[in-house]
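Student: I would like to go through this structure term by term, setting each value against the definition behind it. Could we begin with the way the chain is divided?

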Amino acid sequence: MEQVRKHSRKRDAILRCVRSTDCHPTADWVFSRLKPEIPDLSLGTVYRNLAMFKEEGTILSLGVVNGLERFDRRIDPHSHLICQCCSRVVDVEAMDLPETICQEAARQTGGAITGWKLQFVGLCDKCKATQK
Ligand SMILES: [Zn+2]
Ligand SMILES: [Zn+2]
């Protein structure tokens with residue numbers, strides 16, 4: 001019983017941590033944030049729980065940026081700007097794409113398009129400011 005309680009306490013803390021930030025954290029980021037608070041936390045536990053939340057659809061993974069998987073508390077449709085300088089991930093609100101893009105993709109592949117993912121790359125506002 002004690003084991004179960006400890007288990008869900010870690011689980012809750014990990015989810016709370018991801019939900020507390022819009023920085024699209026990595027597992028390592030979550031781990032280093034929670035370690036002082038939960039000394040017996042392991043990186044493996046963080047990975048396992050994040051994978052489980054992702055599976056459940058509680059959080060999203062936006063894929064790998066610079067070799068590290070990034071997680072997102074937002075599960076509503078939106079896009080991202082990925083900074084090629086500092087690896088920051090910035091939310092971009094959903095926008096309508098011209099219908100022709102999906103039609104063209106369907107034409108080229110002979111498949112049926114049901115959705116799309118759009119990712120912007122470039123510089124975040126901070127890196128843009130320092131490069132002037
Ligand atoms: Zn940047
Ligand atoms: Zn996002």
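Tutor: Domain bounds here come from an automatic or database domain assignment. That assignment gives domain 1 (2-72) and domain 2 (78-130), and their centres, taken over C-alpha atoms, are separated by 25 Å. This is a predicted model, in which local features need pLDDT of at least 70 and side-chain atom pairs count only at pLDDT 80 or more, whereas totals for chains, interfaces and linings use all residues. Residues are numbered from 1 along each chain as its sequence is written, while chains are lettered from A and ligands numbered from 1 in the order in which they are written.

Student: What makes up the contact of domain 1 and domain 2?

Tutor: Two residues are in contact if their C-beta atoms, placed from the backbone, lie within 7 Å. The contact takes 6 residues from domain 1 and 5 residues from domain 2. On the side of domain 1 that touches domain 2 there are 2 nonpolar, 2 polar and 2 charged residues, where Ala, Val, Leu, Ile, Met, Phe, Trp, Tyr, Cys and Pro count as nonpolar, Asp, Glu, Lys and Arg as charged, and the others, Gly among them, as polar.

Student: Why does Cys 23 count as partly exposed?

Tutor: A residue is buried if 20 or more other C-beta atoms lie within 10 Å of its own, exposed if 12 or fewer, and partly exposed in between, with C-beta atoms placed from the backbone. Cys 23 has 15 C-beta neighbours inside 10 Å and therefore counts as partly exposed. Cys 23 is placed in the loop between α1 (2-19) and α2; helices (H or I, at least four residues) and strands (E, at least two) are DSSP runs, numbered from the N terminus.

Student: Which residues of helix α2 are buried, and how do you know that they line one face of the helix?

Tutor: In helix α2 (residues 27-34), the buried residues are Ala 27, Val 30 and Phe 31. Seen down the axis of α2, these buried residues fall within an arc of 100°, so they line one face of the helix; the arc is that of the directions from the helix axis to the C-beta atoms.

Student: What makes β4 and β5 the edge strands?

Tutor: Two strands pair if DSSP finds at least two bridges between them. The open sheet has 3 strands in the order β4-β3-β5, with mixed pairing, and β4 (89-93) and β5 (119-122) are its edge strands because each pairs on one side only.

Student: Why does Gln 119 count as partly exposed?

Tutor: Gln 119, found in strand β5, has 13 C-beta neighbours inside 10 Å and so counts as partly exposed. Not counting residues up to four places away in sequence, Gln 119 touches Ser 79, His 80 and Ile 82.

Student: What joins strand β1 to strand β2?

Tutor: Strand β1 (residues 60-65) and strand β2 (residues 68-72) run antiparallel and are joined by 5 bridges, with Asp 72 in β2 as the bridge partner of Leu 60. Their hairpin has 2 residues between the strands, and Asn 66 takes a positive phi near 55°.
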